[in-house]
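Keep the structure in view while reading.

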Amino acid sequence: MDNENKKTDESLAVEDSSETIKSNESLEKTTSNDSRETKKTSVARSAAIMGIATFLSRIAGLVREQTFAYLFGAGKWTDAFNVAFKIPNLLRDLFAEGAMSAAFVPTFNSILQKEGEEKAFRLTNLTFCAILIIVGTLTALGMILSPYIVQILAPQFINDPEKFNVTVTMTRIMFPFLLVISWAAISMGMLNSLGEFFIPSVAPVFLNLSMILSGWLICPLAVKFNMPSITGMAIGAMLGGILQFTVQLPSLIKKGWKFFWCLDFKDPGIKKIGKLMIPGTVGLAATQINVAVNTILATSQGDGAVSWISYAFRIMQLPIGIFGVAVAQATLPVISRQAASGDKDAMAGTLASSIRLSAFINLWACFACVALAEPVIRIIYQHGRFGIDDTLATTAVLRAYSIGLVFYALIKILGPAFYALDDTKVPVKASIISIVVSIILSLSLIKPFGYISLPFSSSMAAIVNAGFLFFVLQNRVGGFGKYSLISGLTKILISTALSGVATYYSYIYSVTYIASALPKYAAGTFINSSASMCVGGIAGLIALYVISRILHVEEADRAAELVLNKLRRRKNTAK
């Protein structure tokens, strides 16, 4: 990539100058501005590509959860699976998709930019081999120590020996998931850095598909071996993790990468990754530690609480996965290059643009979730063994989670920005502060408010974490003032909040109108819920569009343009 393209890809700042200049300088400036406008949404476009792929994954994830809800409901065995699956997933988010990915991507990009592909690919192989040794050892220990880990994470399970033993068995089956998913995370970071976004983002679809098929094919076989059928889902999760990694290998090879064994813990690149990763593990751990604390406390709330929290968390992860993670993954390689070249002004512009884009999508999702939580849960989950009481409980949890939705997404952008600046102390401080807030709130509120206090505490912790990171980061990169970030976010908040109000009241009116006009479709029925939710959602989107146009919310235009471009491409492809 030549210098002009590099500059164009990394340039998101809006030009402020309005002074008159000479004709030859004006021509040069106009060309530069055109390039900036052409690529101003480079992060947004990359995020859109990954968003489409991730959307497929999240939809598959919802189908997976529907399979769970239909086959097992929300009770003893789903609680056991959720605890077992949380153990490798907790470590995955800490090491693989969290600190390891955040440390690997800036290091890979730095070597790629300064030393070329050969050195960068060697770093990838060094990382793969180091993961095999370190994470492989951790996996083996985890399988051996599974009974003790389960007892720590779910102390109440010890009172039900059958439930406890099944949880331990599933934990052992799924612990190797940590190893293969770590490789998958490194593959994703490498492909994103090389400009490939779709394949790594769509890879998680195979994990979900594997688990969906396992629910219908492997679970019945588990019964024949005198095991609870839920054990088949653990086998499906492990197989899905393997697929999530292997499906990315063809794209890696196409980019010119070839695997060869090499192990050197003294390599400067590996040492830099380790330096960033060790404290970074704490820096990105707030959300997952909160999840672990919630799990421990939720097991004291009786059968179902762990599952209600898990089902609601899956819904909440949909907008985060589609745009929160997508924007963060698209932003990280860009700001890593900008940080490596010492261009903090460009880095500030990229971050400001990414924050606004993420806030626009996730604030809208936040208010939409609060307004439509009940029909969403009813439509998605209330089938088979999942009853009305489960719907109401999961609805309350989803609304509590929604409070912190936008802040969960912002942490994924702001945290890695510090690693790109080789600063691991600030995320650690933010993490510790937020963990303390979460634990204090959870322990204080668990008795009077029960399991609802747990997602609420997590949301409060996310707000504290994101706020701390934001205020420190703006000083490190020179401030966001010239990018009109605060005024932009204020407009976004107003437009999305009013959209949420329109969504809620349109939904309520539709429920009453349909029930009175068509008595057989009373409130709470599938048809009434589906139709009313659609009316509310459409009304909210119309309100969002109109208000955003009135307030000149830039992100609304960018989002609409991206959607239209995608539709045009699909139409042309169909022709």
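## Basis of the report

The model is predicted, so local features need pLDDT of at least 70 and side-chain atom pairs count only at pLDDT 80 or more, while totals for chains, interfaces and linings use all residues. Residues are numbered from 1 along each chain as its sequence is written, and side-chain values use heavy atoms, with hydrogens and water left out.

## Aromatic pairs

A pair of aromatic rings is described by the distance of the centres and the angle of the planes. Rings of Phe, Tyr and Trp (its six-membered ring) pair if their centres lie within 6.5 Å; planes under 30 degrees apart count as stacked, over 60 as edge-to-face and the rest as tilted. The count by this rule is 18 aromatic pairs. One of them is the tilted pair of Tyr 70 and Trp 216, with 6.1 Å centre to centre and 45° between the planes. Tyr 70 lies in helix 3 (residues 42-72) and Trp 216 in helix 10 (residues 204-224), so the pair ties together parts that are 146 residues apart in sequence. Helices here are DSSP runs (H or I, at least four residues), numbered from the N terminus. Tyr 70 is partly exposed at 43% relative accessibility, and Trp 216 is partly exposed at 45%. Buried means under 20% relative accessible area, exposed over 50%, and partly exposed in between (1.4 Å probe, protein chains only).

Trp 308 and Tyr 451 form another tilted pair, 5.2 Å centre to centre with 50° between the planes. Trp 308 is in helix 15 (residues 305-340) and Tyr 451 is in the loop between helix 19 (425-449) and helix 20 (453-476), so this pair ties together parts 143 residues apart in sequence. Trp 308 is buried, at 14%. Ring pairs also link Phe 68, Phe 72, Phe 81, Phe 85 and Phe 177 into a cluster.

## Cysteines

A disulfide is a covalent bond between the sulfur atoms of two cysteines. The rule used here asks for a pair of cysteine sulfur atoms within 2.5 Å, and the count comes to 0 disulfides. Cys 129 is buried, with a relative accessible area of 1%, and Cys 262 is buried at 11%.

## Helix 8

The expected span of a helix is 1.5 Å times one less than its number of residues. For the 17 residues of helix 8 (residues 177-193) this gives 24 Å, and the end C-alpha atoms are 24 Å apart, which agrees. Just after helix 8, Gly 195 has a positive phi of about 90°.

## Salt bridges

A salt bridge is a side-chain nitrogen of Lys or Arg within 4 Å of a carboxyl oxygen of Asp or Glu. The count is 9 salt bridges. Among them, Glu 65 and Arg 64 meet at 3.0 Å, N to O, and both residues are buried.

Lys 76 forms a salt bridge with Glu 162, with the closest N and O atoms 3.4 Å apart. This pair links distant parts of the chain, helix 4 (residues 76-115) and helix 7 (residues 161-174), 86 residues apart. Lys 76, Asp 160 and Glu 162 are linked in a network of salt bridges.

Terms used
Helix = DSSP H or I, 4+ residues; strand = E, 2+ residues; numbered from the N terminus.
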